[in-house]
Every structure is written in structure tokens, then in C-alpha cells.
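Q: Please take a close look at a single part of this structure. Start with the terms that are needed, and then say what surrounds that part.

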Amino acid sequence: MSASTRPVRVAVPRGDLRTPVGERLAAAGFRAQGYLEGSRTYRFDVDGIEGVQLRVFSDQDIPIQVALGQYDLGIASGTWIDELLVRYRHDSVVPLRPLDIEGETLVIAGAPGASLAGLAGAGVVRVATQYPQIAHHYLTRQRVPDYRLYEVWAQAEAWPPRDAELAIASAAAVAKEGLGVLGTVHRGGVWLIANREALATRDLSAALRPLLSLARATAEGGLVDPTPLAVTRGTSQVVPARERFRIAVPDGHAQRHTVAALADAGIAFPGYEAASSVRYPESGDPEVEVKVMRPQDMPRAVALGHFDLAISGRDWLRAFLATFPAAPVTELCDLKRSKYQMGAVISDDLPVESIEEAIALWRRDDPEFPIRVASEYASLADEYARTRHLGRYRVIPISGASEGFVPEDAEILIEGTETGTTLRANRLRMIDVIMESTNCVIGHAVAPDGARGARRAEYVERLRAAAEAAV
Amino acid sequence: MPDRGLHSPGMRDFGPEEMRRFRGIERRFLDAVEGAGYLEIRTPTIEPLHLFTAAGTLSPQALERVYSFLDWDGWSGERVVLRPDATVAAARWYADAVRAGGASTARVAYVAPVYRFAVDGDREVWQCGVELFGSATAEGDAELLTLASTFLRGLGVSDFTVDLAHAGLVRAAFAAAGLPAAQQVEAYDLMLEGDSGVTERLAQAHPDQAASLRLLAGVDGASAGYIQNLRAAMLATVPAAAGPLDDLARAAAALDGAGVSYRVLAATARNFEYYSGVTFRFRQGAGTEARTLLGGGRYDGLTQTLGGAAAPACGWGADLLRLAKVAS
């Protein structure tokens, strides 16, 4: 279907924004059965409006989809729109209207009592954030002389003060974490956006008319230009070697598997249970600190020397090393749990037996056709496209929910599957296996000396023995 | 959409004929500056981003157009950048050289590409330039102005004039009128774009500064007499202007001595926060036909800002391909 004849495509958010956006769309006569109600369907027709289709995405994926021209219009948080536009300001997203929906405010925060001028004048400032482009924009304007950005998947607020001096994260999250706010970075907001070329070349009026009738926000939100600091480059203090042994354990899907693996090895961390956890569970040993964090961010944290051990997934380790092959982090022990295959997924409707045949089919009419590879693991998607000689390709980073991307929004999905049931239900199949992933223990490539080194060896051995006994 | 070929936007190929011209102008540049004692250096294409982000290097507006990214070993969060400016790279080289025991005075030259995003036009620009480290104000400025004049004349270009300014003069005037440091760069750029509104607003808000601001921003000087007029108008209310005016007078004298005509303006260099003293640009043509052949100035604080030893420094740079077009 050519761009001129296909329906007008509108990207709308799932998650926290689904209800306020759904209510306002319904009130404006732009009602899609099931969207507001939280249906698991991801594509909707709009009641009474021909030729308009709604598609649900994670909030942060919407600006990218609109910029790529895969969707003509979208509703997304101002933070994710600016995360794209602050770097790619000449890109093809046109912000049309700020909506009267509250979006999250981003702040810069650190240990209570910390001062940005004090930190910036003392040397290198480490900043954790999910918003590296906004952070770069802010810190450059703040004239922080020397900073390092830790681009994390989530929970940036969990990094200060021990694992970073500062975090740029939502005001609500840093308040919950007990950090001190040093400044506002982005005033939030929710926007109706459009693809520039679609506005210029296609008739979007059937969707634009009702969407432009949505109530307008009184304030536009957006990026904050901070007052520059008057500090010169400092010399970082030499940080004394850490003495406490630190372990990172995962939250999310991997949590219950990790609790079980620890239990098999006779290890319990009160406060870290199968269905609940606190940020710093008890270790029962004053020389051992345990921290709960996202498994995606563990390889970086270990490489940085913040933890002696971490329990993550081999998929995240491999994705990290695909981006940073020289990073000093390695797998120490396979826990043999949470097993699944990661690979290249295509539409089951394609009459092909190999990825080479699929490439030939996609390029049958246009040898320069750019193959779209969507994945939560963008670095693995890029590695796959390079090593399988896809030729002209485009990696589409997505933030987790991959349903419905193939075949409409991508040709290939780099995705994991345990049994293949979900893939089959969505008429997809894995045509290339990239790796087999399980939970594993990771550590720094160079073992620590002394008591920390001995503890690391002891933990690894106990976990290894328990994992092998459980097979 | 026009067919732009297979190369990346803003990047250009050099075919055999273009390379022949490129090498020709490069040789003439190196012969000219090496004859004056400036020895060629080459710095890497990739530099740490933090060299360019501190106050006193590039402006935030310039930093929005750099090509920065995480290197393959960038897991520690340190970004790198495709060299967006040759002077900062040369100053980094000098700071490292001094740290390794090198001489405190150095005359260096380079031919290197710089990378800055542009919606239209080149994103890779080949620059040639010279930097003089360790030489105090008057002698260094005069040496560079004379070298630039000699080089351009050696290319067969004689119909150029020089725009002179002093970064410290504008800053002193803005500071005396109460403009915070953060807004000085923005106001400076507006002034450079010919926006008289910024100075007029300041003049109205600070009547005691009005004459000096209007003289500085509203009148283009054409002789040493203008500098004397600035001295008369400014020193009573902006005593910090005394040093910059002395520097300007000495630079003007060097150009008078070289037989080069010049204008004295409020500002000549955009987006480069590192300039601290006399700045200049050599121009050819007039009105909409005018083009800058070469530009530079003094940047005494840069090596220290980068983390090296303090050293007075000045330099100039030019777009090599633009020079190739005008050379005989």
C-alpha cells in the first residue's frame, strides 16, 4: 500500500498516559473501541471516521515512529519528543499542539545537600539518566566543565549517591528515592505531533480536525535553559578503593528466578523476595551490600567497578558488549534459569526458508529497499544487520513492547522467545537464532584483590554448584 | 527529491582534479607558514567531547552542531567528538606537549578537516591555520596579522581588508552595562548578526554607557583615530577597556605597517568563547558579495581551560577550498 492510499496513521501511548489521552480523544469524538478500556489489541479503527487507524506504542517510541514517517500523527510526552528533537532538531517531527494532559517533569537530583557548583568544581560529574540527549543539552548549557553520562534503561534515580553523583529523572521518582532536587531540566507536557512530510503531502484532515480540537495546555512545558555555573575545571579527588563487597540483584521478570537461584545456594537477602523488594535488601553481613536494580544496567555498573557481582541475563551482557566490546565485564557463572532463544523474527506469511531468501524477497522490486530491524536490543539488531549483510538497513529502537511491529512497522524483529507460542499466535517465526540466553552471574574482567576477591570466588562457587545440582 | 548520490549529506568527494588543486593550495600554505617558523602538526579526528564543553571553549550554540557519540569503549559515559574546531585541538596538543616537557613557545600549523552539522552545505570543512603559543599580546598579534597578509598576497589575493575587534572590549562594555556573563555570548552573536536592538536596549537601560555602546556597536572604525575616540568615550565608565584598546591600537599599527586597510568593529568571531583579545577576519569584496578568507584572534585562557598550563596564545584559520577558489 503506498503512502498516499494507506490510512492516516496515528500513534497513541500505552501506560500511564493511556487513560488521560483516551478520555480526551473520546470527548473529542475520536473514539477507538478498546483503546481507553486497555484492550490488548494494538491497532484500532476510529468510530465513524473512515481511513484513520490508531496504533498503540510505548510513549518513548512514538516520536521515533512519527519521525520515521511510519505514523503521520502521534501523541507523546514532551520529554520523549525533546529527547529526539534536542539532538535531531532538523528532523521531521512537527510539534502541533500542547495538550492539557500532565506529563512528567524532569529534574536533576543528587544526595540531599549536594550542590551542582560544588560537584562541578570538584572534577568529573557522573550523571545517570534515561534521557542522554536532554541531559547533554542541559549540562552543556549549565557549563558543567566535565561530565560523564550513564545512559540507563530505567531507574536513573537509583544511581546517586553511590554509583553516580547525579541523576536526571522524573520529579516523582527522585522524590520517592529521597534525593535532593538541584534544578528543573524539563517542564514536561504532552503534545500532538506530526510528520513533516505527511503534513506537506497527504490529506490528514480527517484525523487532524478532531485532534486539533483537543484542549490546549496553558503552558507549553519543554526544555529549561539553566543559568550557567561560574566554575572552572576541577581535579577529581582520588577515590579510595572500595572495601565493602557489593552485589546487584535484578527486579522485574528476573526477580523470582534470582530469588530461587539464591535460595538453592543457601543465600537469602531479607527485603528481596520473589514478589517484592526494597532498594537495599539486608545481606546479614556488614561487609556485604546488596542493591536491587534493572538487569539491563548491570553490565555497565559492573564494568564501572560499582559492583563485584551482579545477576543479570546473558542477553543484556551480550547487548552491552556489542556496543562496548572493550568493557571489562564478563560472565562468571551460568544460573541456567530463565532460558530462552533470541533471534531474528519475521512474518510467518513470507514464503522463505532463510534470511537470505527473505532479503531477496524484500528487495525484489527495489534493490535499495531499506530493511527495518526493530528491537529492544538495538545494539544486537545493529550487529545482526551488519554480520548478516543486510545492506541498507535501519534499526528502529523500541522500548519493550514489540507486538505488532512485524510486518507493518518492521521487516525483522530481534526478539526472545521461550517456547515460540506467542510468536506463532502472532503469525511470526524465528528464522535465525542469535543466542541462547539464561540468567547468569557477571563480574569485572579483573577479579578484585583481598577479601572482596575471596568473597566473589565463594559466591560464584556456591551459585555454580547450586545451578548445576538443580539441572 | 534530488539525487545526491551515495555519499553522506554534507560530505564531499575530491576527484583527481580537485585533489590536484587541494594539494597545490595546501603546499603553498605550508611553504608560506613554514618559512615563518610554523611547523606542521596533525591532531586526531576524534577528541574527547569534554575539551569542547567547558565555558571558554565553544558556545552551547556551536555545541549543538558537533558530531558527538560514544566510542566503542565509551561505557564509562565519556563521549567523543569528530574534531569540530582545529584551534581547541591544537591547544590540547600544546597542553600535552608542555606536560611532556616540550618548549613553552611553539609555532604550529595544520591542515585538517573540522566537522559541524549544517542543514545545507558542507559538514566537513578543510581548514588550514597557524597557532602561536607562548607569545605575549602585542608581538604575537602583529606577527599573525603580518603572516596572514603575506600569505594571502602570496596567493595573488590583494584586494582584501581586515575587520578588527577585541573580545575583551565587548565583554567589558556588556559587563559594565550589567549584562550577566551567560547573556553576553548571545548578545555578542546578535551584535555580529547586525542586530542593533541589543545594544540599543542596553544603552537605554544604562544611559551612562550609551555613548560607548553606540560608538562600539553602531560605528565601524576605519583608522587608529576611531580607537582614540573609543578611548575617550569608554575609559571614564568602562576602565576595563583600557587594556583591550591598547591591544587594538597595536594591531591597527601592525596593519598600517603592512599597508593593509582595516575596519574596527565590535565583534568578528562567532560561537568561539575562547577568544580573549584581538580578533580579526580578512575579507574580500563588499556587501552581499563579501566573503571571509581567514579569521582568528587571541585566546589566552584556552590551554588552562582545557586542563593544561596557562599560556598566551593566538592563531588564525581559513577554509582551504575557499582559498583555492580565490588564489591565482
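A: Two strands count as paired when DSSP finds at least two bridges between them. Strands themselves (E, at least two residues), like helices (H or I, at least four), are DSSP runs, numbered from the N terminus. The model is predicted, and local features need pLDDT of at least 70, side-chain atom pairs count only at pLDDT 80 or more, while totals for chains, interfaces and linings use all residues. Residues are numbered from 1 along each chain as its sequence is written, and chains are lettered from A and ligands numbered from 1 in the order in which they are written.

One of its partners is strand β9 of chain B (residues 278-284), which runs antiparallel to β7(B) and is joined to it by seven bridges. Within this pairing, B:Asp163 has B:Arg281 as its bridge partner. β7(B) also pairs with strand β8 of chain B (residues 262-264), here in the parallel sense and over three bridges. In that pairing B:Tyr262 of β8(B) stands opposite B:Val162. In a regular strand, side chains alternate between the two faces of the sheet.
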